[in-house]
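These are my notebook entries on one structure, written down in the order in which I looked things up. I kept each entry to one topic.

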Amino acid sequence: YNPYSVLEEDDVYGIKMNDSKLSSILLCAVLNSTIMNLIIEVNHQSLTGKINTLAIMVYEAENLKLPSIDVVNATVSKIKNISENLFIRPIEKVFSELGASTPEEVSLEKVKPDRRELDKIIMGEILGLSDEEQLEVYRAVVDLVKSRIDKVKSVKKTRKTKEGVNIDKFIETVLKQIGDENIGKFYRENILSRDDLEDFSIPRSKRVVVEEQLHGWTLRIGKTTVDCRSEQEAKYIKLLSETRLNDIKVPRDDEYIGDILPRLSDMEEEVEKIIDSHLSSVNKKTARKLRSMLWGRIMNG
């Protein structure tokens with residue numbers, strides 16, 4: 001909630017509305033209602049090892065699903081009155097906000113009064129949930145948060161990096177976000193299945209640069225320069241080198257390479273975007289290790 005137009009940059013991102021009819025106060029009300037806690041807990045996980053932290057990346061916030069809301073001005077006015085206090089007071093931990101630390105302890109009367117008034121409008125008047133259904137939302141939120149905290153406590157003996165990141169859980173979470181339809185599957189199904197392939201090996205950890213020379217296209221790999229038969233071949237090898245492949249299979253058909261390059265580029269960029277968002281808070285040494293492990297899983301299946 002930013003009524004004073006605080007500047008935004010790398011550490012503070014604003015949330016813009018796609019629907020110009022939705023007032024900022026109503027958007028803030030929806031985002032701060034308890035049902036959004038439920039949506040976030042279901043779709044996002046803590047990867048930091050801190051029991052009180054739920055990491056939400058920028059791209060994840062962009063993809064949050066909000067209830068479709070079409071309300072009259074009277075409802076907006078009620079929300080404004082309630083929000084005057086809720087939006088400026090310190091928001092406490094979930095258990096304190098809802099007055100319960102286990103699902104069995106949850107009751108409507110224990111919820112902080114200003115939060116309960118907001119939830120009655122968002123969940124009750126706008127979304128049409130009964131009191132019993134709202135009670136189930138509260139119970140589910142408490143249960144999910146409690147389970148997350150208990151899970152973090154239980155994985156202390158699992159394999160971790162120095163930063164406390166559970167490597168196996170981290171990799172599985174990122175791969176789930178990337179999905180099965182990725183550049184690795186495309187490479188295996190549409191390239192490795194061909195019978196016109198040549199092998200091209202790249203030394204580990206060497207950066208590949210495409211260069212156009214008078215005699216044609218080349219790749220500069222570290223201090224070594226390698227001639228390529230075409231621009232398509234050079235760009236194809238460079239792109240796949242960025243997936244951490246060391247032994248690259250190259251089709252002899254330059255026209256086919258030209259046809260698939262845009263799609264390969266889009267898929268590689270999308271994977272890198274997701275990986276980058278998850279590694280943004282990890283130190284460089286650990287990030288390099290995790291990135292290499294992720295690409296290994298993606299490209300090798």
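Predicted model: local features only at pLDDT ≥ 70, side-chain atom pairs only at ≥ 80, totals over all residues.

**Entry on strand S3.** I looked up how many of the six residues of S3 are buried, and I found five, so the strand is largely enclosed by the rest of the structure. For this count I had to keep in mind that buried means under 20% relative accessible area.

**Entry on the neighbours of S3.** Next I asked myself which strands pair with S3. On one hand there is strand S2, residues 208–213, which pairs with S3 in the antiparallel sense over six bridges. A hairpin of two residues joins S2 to S3, and I noted that Val209 stands opposite Arg220 in S3. On the other hand there is strand S4, residues 224–228, which pairs with S3 over five bridges, again in the antiparallel sense. Here I wrote down two facing pairs: Trp217 stands opposite Cys228 in S4, and Leu219 has Val226 in S4 as its bridge partner. S3 and S4 also form a hairpin with two residues between them, and in its turn Gly222 has a positive phi of about 65 degrees.

**Entry on the sheet.** Putting these strands together, I read an open sheet of three strands in the order S2-S3-S4, with antiparallel pairing. S2 and S4 are the edge strands, since each of them pairs on one side only. From one strand to the next, the twist averages 30 degrees. I then looked for what packs on this sheet and found helix H10, residues 231–241, which touches S2, S3 and S4, and whose direction makes about 165 degrees with that of S2.

**Entry on Arg244.** I followed the chain to the loop between H10 and strand S5 (247–251), where Arg244 is found. The phi of Arg244 is near 70 degrees, which is a positive value in a residue other than glycine. I marked this for a reason that holds in general: most residues other than glycine have a negative phi.

**Entry on two helices.** I turned to helix H1 (residues 24–32) and helix H6 (residues 113–126), which pack at an angle of about 100 degrees, with their axes 10 Å apart. The two helices are therefore roughly perpendicular to each other, a label that applies to angles of 65 to 115 degrees. Where they meet, H1 contributes Leu26, Ala29, Val30 and Asn32, while H6 contributes Arg115, Leu118, Ile122 and Ile126.

**Entry on rings.** I looked for aromatic pairs and the structure holds zero of them. I did find a charge over a ring, however: Arg194 lies over the face of Tyr256, at 4.0 Å from the ring centre.

**Entry on the whole protein.** Last, I stepped back to the protein as a whole, which has twelve helices and five strands. Of its 301 residues, 41% count as buried. Among the contacts with a separation of 6 or more, 67% come from residues 24 or more positions apart.

Note on methods: Residues numbered from 1 in each chain as written. Heavy atoms only, no water. Buried < 20%, exposed > 50% of the residue type's maximum accessible area, 1.4 Å probe, protein only. Helix = DSSP H or I, 4+ residues; strand = E, 2+ residues; numbered from the N terminus. Pairing = 2+ DSSP bridges. Phe/Tyr/Trp six-rings, centres within 6.5 Å; stacked < 30°, edge-to-face > 60°. Lys NZ or Arg CZ within 6 Å of the ring centre and 35° of its normal. Axes fitted to C-alpha atoms, helices over the stretch in contact; angles between N-to-C directions. Parallel < 35°, antiparallel > 145°, perpendicular 65-115°, else oblique. Contact = heavy atoms within 4.5 Å.
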